[in-house]
Amino acid sequence: ASIVNAQGRNSEAATLLAEATSEFSHIINLPGTDMADAIRIGGEIAMNQGDFGRALEHADRALALTTALDPPALPLEVSTRMLRAKALLGLSRVDDARQEIIRAINRLSESNPLARTRMAGLLVVQVRIELAARDANAADDALVKAHALGIPLQYLDNEDRATLQRE
């Protein structure tokens, strides 16, 4: 469902996710990375459909599962926090979005390549949040940090790539 959603085929992704979720309904209340990720993917689908309220609900549910894990699933938590920040921005809750993206950034280390790519994605979302907050200086700071990571543009989605190419 995640791959189909990333290809922009939102309705098909929603159907696939619904089918997978119903197959595993007997484990739906068990905390785990698979269930949290499925819920997060549901939030991504809702985001792509412009349903920011539903995306936020999914992000909150996925975040609750993710943070309850021992040990915590850091990459999933960061992805979920980024989804949550995007949903909050979509709901025009700019201050909340800013706080959430900063939490995600603070949870991530710049030391490994996957983390650096994720960090670039988080910083790009921060640029959009800061622009929505009409804070051009903060947006420029985040943009400079994202560029400094040196991530090839093909590793970013189209919206993030367009934001990063803004000068």
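Which hand does the crossing of α5 and α7 have, left or right? The crossing is left-handed. This is a predicted model. Its secondary structure comes to nine helices and zero strands.

**Overall make-up**

- From the N terminus on, the elements run α-α-α-α-α-α-α-α-α.
- The protein has 167 residues, and 43% of them are buried.
- Take the contacts with a separation of 6 or more: residues 24 or more positions apart account for 58% of them.

**Helix α3**

- Helix α3 covers residues 33–48, which makes 16 residues.
- From first C-alpha to last, α3 reaches 22 Å. That is close to the 22 Å expected at 1.5 Å a residue.
- Buried positions in α3 include Met35, Ala36, Ile39, Arg40 and Ile41.
- The buried set of α3 also takes in Gly42, Gly43, Glu44, Ile45, Ala46 and Met47.
- Gly50 follows α3 and has a positive phi, near 80 degrees.

**α5 against α7**

- Helix α5 spans residues 74–90, and helix α7 spans residues 113–132.
- Their axes come within 11 Å and cross at roughly 20 degrees.
- Angles under 35 degrees count as roughly parallel, and α5 and α7 are therefore roughly parallel to each other.

**α5 against α6**

- Helix α6 covers residues 94–107.
- α5 and α6 pack at an angle of about 165 degrees, and their axes are 8 Å apart.
- Angles over 145 degrees count as roughly antiparallel, so α5 and α6 are roughly antiparallel to each other.
- The crossing of α5 past α6 is left-handed.
- Sorted by class, the contact of α5 with α6 has 10 nonpolar, no polar and seven charged residues.

**Ser79**

- Buried means under 20% relative accessible area; Ser79 counts as buried because its relative accessibility is 16%.
- Leaving out residues up to four places away in sequence, Ser79 touches Arg40 and Arg118.

**Arg98**

- Arg98 sits in helix α6.
- Its relative accessible area is 22%, so Arg98 is partly exposed.
- Leaving out residues up to four places away in sequence, Arg98 touches Ile129, Glu130, Ala133 and Asp135.
- The C-alpha atoms of Arg98 and Lys86 are separated by 9.6 Å, and the two residues are 12 residues apart along the chain.

Terms used
Residues numbered from 1 in each chain as written. Predicted model: local features only at pLDDT ≥ 70, side-chain atom pairs only at ≥ 80, totals over all residues. Heavy atoms only, no water. Axes fitted to C-alpha atoms, helices over the stretch in contact; angles between N-to-C directions. Helix = DSSP H or I, 4+ residues; strand = E, 2+ residues; numbered from the N terminus. Parallel < 35°, antiparallel > 145°, perpendicular 65-115°, else oblique. Left-handed = near helix turned anticlockwise from the far one by under 90°. Expected span 1.5 Å × (residues − 1). Buried < 20%, exposed > 50% of the residue type's maximum accessible area, 1.4 Å probe, protein only. Contact = heavy atoms within 4.5 Å. Nonpolar A, V, L, I, M, F, W, Y, C, P; charged D, E, K, R; others polar.
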